[in-house]
Amino acid sequence: MSSSLVPGPRFMYGTAWKDQQTKDLTLMALKAGCRAIDTANQRKHYFEAGVGEALCEAYETNLVRREDLFLQTKFTYQRGQDHRLPYDPTKPIDVQVEQSFASSLEHLRTDLIDSYVLHGPASGYGLSADDHIVWRTMESLHKRNCVRFIGLSNVSLAQLKGFYEFASVKPSFVQNRCYASTKWDYDIRQFCRDNNITYQGFSLLTANIEYLGHPAVKALAEAKHCTIAQLVFRFSQLVGMLPLTGTTNAKHLASDLNAATIDLEEGDLHLMENIAWLA
Ligand SMILES: NC(=O)c1ccc[n+]([C@@H]2O[C@H](COP(=O)([O-])OP(=O)(O)OC[C@H]3O[C@@H](n4cnc5c(N)ncnc54)[C@H](OP(=O)(O)O)[C@@H]3O)[C@@H](O)[C@H]2O)c1
C-alpha cells in the first residue's frame, strides 16, 4: 500500500499537545487542505474530543465530508496515560481496547476509523502476551469493518518483525520518531518498503535540530530556495515517508504543504539521508 491511499497533501496533521486549542488548530489544518488527521485516545497528550468538535464544525460548514478524510487514532496502554483513562483498567486488555475504541468513535463522531494504531508495545523490548491480545483485538475491529487499516507506533525493528510474523491482518502503518542519527530509521523504513507498510515519520524537525544547522544543509536549502523545514519534509516524502506536521502556525503549515513542489536529486537525498555523518 502506498501513502497515496491517504488523501490530500502528502502530509498527516498531528494533534498532540494542543489541548484546548485542538479544535481551532484542527480546523486550521482542514482549511489549509490537510485531509489526514492523527490523534490518540490519550488525554495526557491529545484532546481527541476536540478533534471531533473540529470535524463536526467542518461537516456543518461543508468544508469537508467524512469520506474526504483519513482519520487515525490510537490505543494507549495505561502506562502511557494519566488518570483520564478511556477504559476500565481492571478489565482484561482486550476489553480495554474495545472500550478505548468505542470512546474514540464517540469523540470523533464516526463509525469508521481509517487507521487504528497501537501507540507502543507494552515494553521497549520484545512483545508481551498483552501485545498479542491487543493486536488480535485490533484485527477483530478490522474484520468487523470498524477499522480500515491497523498499525503500530514506537516500535523497534525486532518488535515490528515480531508483530508482522504474528499478524493475520498485517500492519499497514508504522509511526515512529525519526532520527537522522539512525539514517532516519533506515532499517525500519526498508522493512516497511519491502512489506507494503507506509512509514509515518514524526519529530522530523525537533529530533534532529543538532544536524539541521549544518552548512551543507543550509546551502542545499538556499540552492533550492526553500526553508530547512521544507527540505526535511520534501526529503522525507521522496524517500517514501508520510511525514507528520503538528505546527500551530498557519504560515508554517502552508509552507510545509508547499514543500511538495521542491525538486531534489539523488545526490541531495543522499546528503540528507546522511546528515548525521557530515564533518
Ligand atoms: N506516536 C507517537 O508516540 C507520537 C509522538 C509524538 C508525536 N506524534 C504525532 O506527530 C505529530 C507531530 O509531532 P512532532 O513531534 O513531529 O512535532 P510538532 O508537534 O509538529 O512540533 C514541531 C515544532 O517545530 C516547530 N516548527 C518550526 N517551523 C516549523 C515548520 N515549518 N513546520 C512544522 N513545525 C515547525 C513548531 O513550532 P510552530 O508550532 O510554531 O510551527 C513546533 O514547535 C504530533 O502532533 C502527533 O500527532 C506521535
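# A walk through the model

Start by selecting helix α1 and helix α10: α1 passes α10 in a right-handed crossing. What you have open is a predicted model, where local features need pLDDT of at least 70 and side-chain atom pairs count only at pLDDT 80 or more, while totals for chains, interfaces and linings use all residues. Residues are numbered from 1 along each chain as its sequence is written.

**Stop 1: α1 against α10**

Two packed helices are described by the angle between their axes and the distance between the axes. For α1 (residues 22–32) and α10, the angle is about 35° and the axes are 10 Å apart. (Axes are lines fitted to C-alpha atoms, for helices over the stretch in contact, with angles from 0 to 180 degrees between N-to-C directions.) Now show the residues that make the contact: Met28, Ala29 and Ala32 of α1, with Ala250, Leu253, Ala254 and Leu257 of α10. Being in contact means that two C-beta atoms, placed from the backbone, lie within 7 Å. This α1–α10 contact has 7 nonpolar residues, no polar and no charged. (Nonpolar covers Ala, Val, Leu, Ile, Met, Phe, Trp, Tyr, Cys and Pro; charged covers Asp, Glu, Lys and Arg; the others, Gly among them, are polar.)

Stay on α1 and pick Lys23, which sits in this helix. Is Lys23 buried or exposed? Lys23 counts as buried, because it has 20 C-beta neighbours inside 10 Å. (The cut-offs: buried is 20 or more other C-beta atoms within 10 Å of its own, exposed is 12 or fewer, and partly exposed is in between, with C-beta atoms placed from the backbone.) Skip its neighbours within four places in sequence, and Lys23 is in contact with Gly50, Glu53 and Ala54.

**Stop 2: around the ligand**

Next, select the ligand and the 23 residues around it; Gly14, Ala16, Phe202, Gly246 and Thr247 come nearest. (A residue is near a molecule if its C-beta atom, placed from the backbone, lies within 6 Å of it.) Which element gives the most to this shell? That's α10, with 3 residues. Colour the shell by class and you'll get 6 nonpolar, 15 polar and 2 charged residues.

**Stop 3: two positive phi angles**

Click on Trp17, in the loop between β1 (12–14) and α1. Its phi is near 60°, a positive value in a residue other than glycine. Then hop to Arg109, in the loop between α3 and β4 (113–118). Arg109 isn't a glycine either, yet it has a positive phi of about 55°.

**Stop 4: α3 against α4**

Select α3 (residues 93–108) and α4 (residues 129–143), whose axes come within 9 Å and cross at roughly 45°. That makes α3 oblique to α4. (Under 35 degrees is roughly parallel, over 145 roughly antiparallel, 65 to 115 roughly perpendicular, and the rest oblique.) This crossing is right-handed. Among the residues making the contact are Ile93 and Phe101 of α3, plus Met138 and Leu141 of α4. By class, the α3–α4 contact has 7 nonpolar, 1 polar and 3 charged residues.

**Last stop: Leu269**

Leu269 lies in helix α11 (residues 266–273). Beyond its neighbours within four places in sequence, Leu269 is in contact with Phe235, Leu238, Val239 and Leu264.

Notes
Helix = DSSP H or I, 4+ residues; strand = E, 2+ residues; numbered from the N terminus. Left-handed = near helix turned anticlockwise from the far one by under 90°. Near = placed C-beta within 6 Å.
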